[in-house]
Amino acid sequence: MTFSQFFTIVRARWVSGFVVLAVVLAVVISISLSLTKQYTSTASVLIDVKLPDLGGNTAAAGGIVPLGFMATQLDVVRSERVALRALRSPGLKLNESVELREQWRASTNGQGDFESWLAALIQKKLDILPSRESNVITLAYSSPDPKFSAAVANAFMQAYIDTTLDLKVEPAKQYNTFFDDRSKHTREALEQAQAKLSAYQQQKGIIATDERLDVENARLNELTTQLVVLQGLAAESRGRQDQSSGNNERMQEVLNNPVVSALTADLSRQQAKLTELNERLGENNPQVVELRANIEELRKRIQAQTTRVTGSLNVNNTVNEGRLAQLNGEIQQQRAKLLKLKDLRDEAAVLQRDVENAQRTYDAVLTRVNQTSMESQNTQTNVSVLKQATAPAFPSSPRLLLNTAVALVLGSLLGIGLMLARELLDRRMRTIEDVVSGLRQPLLIVLPKTSRQDAHGGSRLKLTKARVVRGLAGPARS
């Protein structure tokens with residue numbers, strides 16, 4: 001179908017199309033005028049995801065909105081908790097309405113909860129409109145009363161703000177109660193650990209364990225040094241004693257003894273004199289006999305003095321051995337004392353670590369108590385009011401102009417459809433193309449189009465157009 005054919009059909013059957021258009025317009029306009037006017041009031045809030053809370057945390061680090069954050073906020077707005085809070089707000093108090101309660105009983109026969117039913121009923125006309133690529137949420141409510149629409153929108157907005165604050169404060173209050181209770185237990189544990197450490201120090205007489213341990217270590221080192229020196233002296237005296245049992249006349253102590261030296265010199269002189277007298281007087285001379293007796297006496301005296309000197313070596317060795325044994329005993333006692341002191345220090349260190357651990361635990365819990373206490377008293381939220389709902393001056397529905405425009409378009413389409421349908425059911429030849437395509441015969445001539453005009457009181461026939469169409473191949477039929 002060409003445009004000219006379509007235009008011809010519309011011109012021929014315009015009456016039916018116009019009737020359909022008029023009917024559609026009349027129906028839509030009448031319905032729009034008969035519908036109850038609805039007034040839509042909107043309120044909007046802004047969610048700041050970068051606002052830090054009192055604990056120093058941020059809702060979104062670096063200003064990046066977490067995945068699902070805005071979807072969660074929309075679910076909170078649509079939640080029953082927000083709806084119930086809005087219904088109970090001082091500006092509405094719909095839960096106290098006797099008329100609504102009677103309506104609930106009539107529709108549910110008293111089954112279920114009245115406030116839940118009322119919240120679901122109000123939420124049906126509440127639209128939550130999130131803005132694309134922004135943190136703004138718009139709440140829109142429609143009703144026949146513009147003031148009521150504004151009141152409901154504002155109530156839901158305020159209920160959402162209060163609910164977001166409660167969702168932050170309630171966990172903080174629970175944590176504060178928990179950590180406050182834990183702080184009491186940790187404080188008791190700290191006091192018990194401190195009391196146990198103090199009692200142990202008093203019982204063992206420990207004041208400054210590290211200083212006392214240093215003193216005892218120094219004393220042990222001193223005794224060890226004395227032991228090394230004394231071991232050297234004892235070894236030397238033991239060696240001299242062993243030497244004295246074999247050839248004590250050649251010992252250094254004997255040779256250096258002045259008495260032994262004097263007696264030895266006197267013995268040498270007497271022996272020299274004895275040799276001289278023996279050669280001059282003979283062996284039986286009384287002087288020689290007397291001199292021999294003197295020499296023997298000197299030898300006995302030298303022997304006695306030597307024995308006395310070597311005896312002093314034995315006494316010295318005995319003393320050194322006794323001192324060495326005593327010093328070994330003192331060192332053993334000092335070591336045992338030092339080990340005991342180390343055990344005491346280790347036990348005290350364990351108790352001290354218990355006190356330190358209890359102190360750190362108490363400090364950490366106390367920090368959390370202070371933090372959760374501040375968070376539980378928080379009165380700020382990251383939701384700000386961007387627009388308060390006001391009573392609209394004009395209804396949002398029905399929209400007469402919009403409905404009329406839609407009805408005009410729809411009626412035009414229906415009218416055109418009706419005209420085409422009638423044309424298909426009652427096909428007629430209206431153009432030259434219709435004749436050629438419908439009869440499938442050559443067109444020889446087109447009758448002139450006549451028009452009647454009332455000029456000079458008469459009618460005149462005027463030839464307007466004549467056109468001869470070329471014939472098709474083959475003989476023409478009359």
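**Exercise 1. List the residues that serine 32 contacts, leaving aside its neighbours within four places in sequence, and decide whether serine 32 is buried or exposed.**

Step 1. Beyond those neighbours, serine 32 is in contact with Pro398, Leu400 and Asn403, where contact means heavy atoms within 4.5 Å.

Step 2. Helices (H or I, at least four residues) and strands (E, at least two) are DSSP runs, numbered from the N terminus.

Step 3. Serine 32 counts as buried because its relative accessibility is 7%; buried means under 20% relative accessible area, exposed over 50%, and partly exposed in between (1.4 Å probe, protein chains only).

Before going on, a word about the model. It is predicted, so local features need pLDDT of at least 70 and side-chain atom pairs count only at pLDDT 80 or more, while totals for chains, interfaces and linings use all residues. Residues are numbered from 1 along each chain as its sequence is written, and side-chain values use heavy atoms, with hydrogens and water left out.

**Exercise 2. Find where leucine 35 sits and which nonpolar surface patch includes Leu35.**

Step 1. Leucine 35 is in the loop between helix H2 (14-34) and strand E1 (39-47).

Step 2. With a relative accessible area of 48%, leucine 35 is partly exposed.

Step 3. Patch residues have over 30% relative accessible area and no salt bridge; like charges are joined within 9 Å, nonpolar side chains (Val, Leu, Ile, Met, Phe, Trp, Tyr) within 5 Å. Accessible areas come from the Shrake-Rupley method with a 1.4 Å probe, and for residues only the protein chains shown count as cover. A salt bridge is a side-chain nitrogen of Lys or Arg within 4 Å of a carboxyl oxygen of Asp or Glu.

**Exercise 3. Work out which residues stand opposite leucine 46 in E3 and in E4.**

Step 1. E1 pairs with strand E3 (residues 136-143) in the antiparallel sense over eight bridges; two strands pair if DSSP finds at least two bridges between them. In E3, valine 136 stands opposite leucine 46.

Step 2. E1 also pairs with strand E4 (residues 383-387), antiparallel again, over four bridges. In E4, serine 384 is opposite leucine 46.

**Exercise 4. State how confident the predictor is in the chain.**

Step 1. The mean pLDDT (the predictor's confidence in each residue, from 0 to 100) is 76, and 76% of the residues reach 70 or more.

Step 2. Over residues 51-63 pLDDT stays under 50, and the model has 19 contacts beyond four places in sequence for them.
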